[in-house]
Amino acid sequence: MEKRTKLLVILLIMVFVFLGYRIYNGVITQTVYKSDVEYVIGVSQANMREAWRVALINEIQEEAGKYPNIRIVTADATSSVEKQEKDVDRLLDFGIDLLIISPCDSSRLTKKVADVYQEGVPVIVMDRSVEGFDYNLFIGPDNNLIGKQGGECAVRLLEGGKGKILELRATAGSLQSEERSQGFDSVIRDYPGIEKTVCDLKNDMKDPAYDAVFAMEEELKRVSLIFANNDSVAFGAYEALKDRNLAEKIKVIGCDGFTGENEGVDLVRKGKLAATISCPTGGKEAVQYAINILRKESGVPKQVILRSHTIYPQNASEYLAALDRESMDDGRRITVGYSQVGQESQWRLANTRSIQEAAREFHMELLFDSGDQSQKKQIEAIRRYIKEKVDVIVVSPVVETGWDEVLKEAKEAGIPVVMSDRRIEAGEDLTTTYIGADFLEEGRRAMRWLKEHVKPEQGNVRILEIQGSEGATPTEERKKGFFEILKENPRYEIVYTDYGDFTYDGGKKVIEEYINSHNWDVDIIYSHNDDMALGAIEALEAHGLNPGKDITIVSVDATKEAFQAMIDGKLNCAVECSPLLGPPLMKAIRDMVAGKEMPLRIITEEKVYDQSDAETVIKNREY
Ligand code: GYE
């Protein structure tokens, strides 16, 4: 090596070291002395080749830069699971206080993430979740919804909903690619005039997409629109169409919607893409929640599902302006109008307490109305809040349908509506975000516990299901989730089901009616909540039956009363559904009023309990 080159290399190394950088086992780190900072956050990225992943790291570093007492140490797994596992170990050796990880492979990284979490190092999983729930927080997009938005956009662009679509699937086979494709198909399958052909690409790079599209000379003659599940691929497709003089004939939709030169939004504004569907990285939110977790602040949920937007030339400027709008918490007192379902269960009472306590903690003015399980009363309360010009309306809806009219009134009055605890079937634009549980998962967990703990003997295992209120989200989804696992286990069958309206008396009545019309022949009772399970237990005992022993009972909510019933041996399992929605709800409201974009869904943390841990856990139960 020439003397001059040698000197240059030595000079570069000196600058590198002077700036405190070093390479620590393949991880580029800035020499950080723990005494210099409050927290060191390790970031393990699946790879730094895909544009979306680079954007995530940049966003994390940009947000962390606002906090002088925080350092970020990153590792690039180069798409290797083995390397990502080693990266995580090195970051732990480095002494990080919290791990942010975007896994190369969800299932193969599940154990590593769970090990870190169980060692007591907080973990935020991003983009693709791992299996199970052994982490502090998941932040990611709803890729199926992004695909649906792409499909709706395609239908709008294909006049009359007719034409042939070419779908370019970047990183074909990845979970993200599959989910976007499924969402897209779920929309276009309702349009018989639309047909779709697929081209799978190995990566999300622009040039291979260009080559693939340019080579399709014959195929392109019948194509009206291209849907690419990534903007770089969409850009490559556009350039190929331009070189084939087809850019005027064939429209291109992309995904991701980044804002840099020749990225999604810019390409839309330049008329090269007809639209792009944004897929926010969540990097900013990850740093903010990391700080909440490290400072042990309340309001941190289990999952944050980010909102995506369809960006056209007509709304691109407005979209960019909204992104640039800095959130500003002026600390003013916010008035919240809350329409509650009623007081039907212990869960509901705990939920109400949590909301009222959190309103005080977050200095909110809370107007509160209990709807006594009447939609009419809830709608009347919402109209009162509109008239009183509250800042935010929160609804825990007794049923999923029949809200459009009053929500349109709230929208016209400029009052945002947050759905708490339960969801509704209404236009996406009528509500801002949903805070609550994953009821489908709760139903799955109930059946998973049963198949592990109640084995078929002679015949099939016979199940009696006590459902909640008809048409309520938890009822519909706990039923659906339970059945999802049940159908994989043919030796279990639901022999009777009825509604108990989530009340103690409702559960009791279902059992009494069954006993009055049948000789008891049931092995298991699956109750959609504790109150109905406790009512059922009373009815069983009144008829000389032995709940918890001859009949296994699984319930949902995991209230203190359920824990006591498990300790007494009368209830066998309680699947948790946290009513403590107050802190994440009030945190979300404060963020929204300060101008932050609201996530699509905010999902709470939940576990499964049974008689083996009831005595220990009951001591610390908050509800
Ligand atoms: O399980 C039940 C309450 O909406 C999740 O409603 C809530 C359900 C809960 O009455 O106890």
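I will take the annotated stretches, then the cavities, then the ligand.

Please keep in mind that this is a predicted model. The UniProt entry, which is unreviewed, carries the annotation "domain: Periplasmic binding protein" for residues 41–297 and for residues 338–595. For 338–595 the figures are 44% helix and 20% strand, with the end C-alpha atoms 21 Å apart.

Next, empty space. Rolling a probe the size of a water molecule over the atoms shows where such space is left. How many cavities of 30 Å³ or more does the structure hold? There are 5. The largest cavity has a volume of about 90 Å³. Its lining consists of 13 residues, and those nearest its centre are Trp-347, Arg-422, Arg-478, Phe-502 and Asp-557. Two elements, α13 (346–361) and α17 (473–486), each give two or more residues to this lining. Sorted by class, the lining has 6 charged, 5 nonpolar and 2 polar residues.

Where does the largest cavity lie? Its lining takes residues from both domain 3 (334–432) and domain 4 (439–577), so the cavity lies between these domains.

Last, the ligand. Around the ligand there are 13 residues, and Glu-344, Asp-421, Arg-422, Arg-478 and Asp-557 come nearest. For Glu-344, a polar side-chain atom is 2.4 Å from a ligand oxygen atom. Asp-557 also has a polar side-chain atom by a ligand oxygen atom, at 2.6 Å. In the side chain of Asn-529, an N or O atom lies 2.9 Å from an oxygen atom of the ligand.

That is what I have; questions are welcome.

Key. Residues numbered from 1 in each chain as written. Predicted model: local features only at pLDDT ≥ 70, side-chain atom pairs only at ≥ 80, totals over all residues. Heavy atoms only, no water. UniProt positions renumbered as here; feature names shortened; annotations may be inferred. Helix = DSSP H or I, 4+ residues; strand = E, 2+ residues; numbered from the N terminus. 1 Å grid on protein atoms, 1.4 Å probe; cavity = no way out; pocket = protein on both sides within 12 Å on 5 of 7 lines; lining within 4 Å. Points joined across faces, edges and corners; volume = space filled by probe spheres on them. Nonpolar A, V, L, I, M, F, W, Y, C, P; charged D, E, K, R; others polar. Domains from an automatic or database assignment. Near = heavy atom within 4 Å. Polar contact = N/O pair within 3.5 Å; in protein donor to acceptor, adjacent residues only side chain to side chain.
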